[in-house]
Amino acid sequence: MSTPFRYTRPLPPKSTTGPVAEVYEQLSRDFGIDEPVTFVVLSSAPELLAPAWALMRESLIAGPGSRTGKELAALGVSLANRCPFCVDAHTMLLHATGDHALAERVARGERPVNEEHARVLEWGRHTRVPGGLGAAPYPFPREHAPGYLGTAFAFHFINRIVSALLTESLLPGNAQRFRAVRSLAGRTLARTVRRHARPGVSLALLDLPDSGEAPAWADGTPVGLAYAALLRAAMAGAGLLGTDDQDLVEEMLLDWDGSHPPLDLSGFPDRRERPGARLVLLAALAPYRITDEDVAAWRRPEHTDHCLVHLVAYGAFLAVDRIESALHRPIART
């Protein structure tokens, strides 16, 4: 039987209890999809699953700004990260917002007719480049910054998890590539997508960090606490590497300019010599390039699915952290 999961075998959602089951309950109610594989794949590490969901919920779903605009931002991020699964998902979610013509234009790779939409999509694309946008202005009002920035950071993380640990097919047989299927799938989610979601509900799932750890760009919204919780959980994966490997990957991320690595992966650690560092760097910069050989070279009997998810999440968040450090400047109203 085919499975969307690469390298891990998450527990069947129906058998889960406790915090994981609570996350699935919120996903069903507020995202409109029962047990989406994008989050099920994190369930081997509940301490990552809850804040990843919280960051997406509090920014994309319940945060300030229009859902259409934030879906476009997420789509731009997914295009920049070469994550076809997420590109298809956000195209369907644009249908769910009721913007059917817009959804089909972006599905064809065309520029949105509405200039504001076009600027938001392009902004999302450029967020992959640390500091590439300059200081300001951004294509949304200042008061919407927590929603848009949180959405961008959430999907820089989710894109990398998806590309590393899931197959590329959103629906069986890539059925989402057909316009009628995209439209129908979007319409089934329309009621949930257009319903108001109360901010802060997901925070009850978290071991909340001190409020002082929330980034300034979140402006005191729940987005900031969710971001800080995910940062704390993801960076715990550093413990799976030795000190020398930690130093190597952090140095390479400091020099990263947002580009995709060359085909020969020149400059990447050899999988036979430093398999953990190689996996982390691939998760950060090109998760779609992770191979069976890369995972096998690292994995040992003591390395559970929990360990692998944490290692990939550590790499994914190193990239998020690099991008975030260049994006939290004051935002001018356009």
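Reply: Happy to; below, each answer sets a value against its definition.

Reply: This is a predicted model, in which local features need pLDDT of at least 70 and side-chain atom pairs count only at pLDDT 80 or more, while totals for chains, interfaces and linings use all residues. Residues are numbered from 1 along each chain as its sequence is written, and side-chain values use heavy atoms, leaving out hydrogens and water.

Me: What pLDDT does the protein chain average?

Reply: pLDDT is the predictor's confidence in each residue, from 0 to 100. The chain averages 91, and 93% of the residues score at least 70. Over residues 329-334, though, the pLDDT is below 50, and that stretch has 22 contacts in the model beyond near neighbours in sequence.

Me: Why is G186 called buried?

Reply: Buried means under 20% relative accessible area, exposed means over 50%, and partly exposed lies in between (1.4 Å probe, protein chains only). G186 has a relative accessible area of 0%, so it is buried. This residue sits in helix α9, residues 179-194; helices (H or I, at least four residues) and strands (E, at least two) are DSSP runs, numbered from the N terminus.

Me: What does G186 touch, not counting residues up to four places away in sequence?

Reply: Contact means heavy atoms within 4.5 Å. By that rule G186 touches M92, H95 and A96. G186 and T97 are 89 residues apart in sequence and 7.8 Å apart in space, C-alpha to C-alpha.

Me: And why does E35 count as partly exposed?

Reply: Its relative accessibility is 24%, so E35 counts as partly exposed. E35 is in the loop between α1 and α2, and has a positive phi of about 50° although it is not a glycine.

Me: How do you know that the span of helix α1 agrees with its number of residues?

Reply: The expected span is 1.5 Å times one less than the number of residues. Helix α1 (residues 18-31) has 14 residues and should therefore span 20 Å; its end C-alpha atoms are 19 Å apart, which agrees.

Me: Which residues of α1 are buried, and what makes them line one face of the helix?

Reply: The buried ones are V20, V23, Y24, Q26, L27, D30 and F31. Seen down the axis of α1, they fall within an arc of 165°, so they line one face. The arc is that of the directions from the helix axis to the C-beta atoms. Among the elements covering these buried residues are α3 (46-61), α5 (84-96) and α9.

Me: What joins the side chains of N81 and N159?

Reply: A polar contact of 2.9 Å joins them. The term means a pair of N or O atoms within 3.5 Å; within protein, one must be able to donate a hydrogen and the other to accept it, and residues adjacent in sequence count only if both atoms are side-chain atoms. N81 lies in the loop between α4 and α5, and at 3% relative accessibility N81 counts as buried.

Me: How many residues are in the largest nonpolar core?

Reply: It has 103 residues, and W53, M56, F157 and I161 have the most contacts inside it. A nonpolar core is a set of buried Ala, Val, Leu, Ile, Met, Phe, Trp, Tyr and Cys residues joined through side-chain atoms within 4.5 Å. Leaving aside neighbours within four places in sequence, I161 is in contact with V41, L42, L166, V312, A313 and A316.
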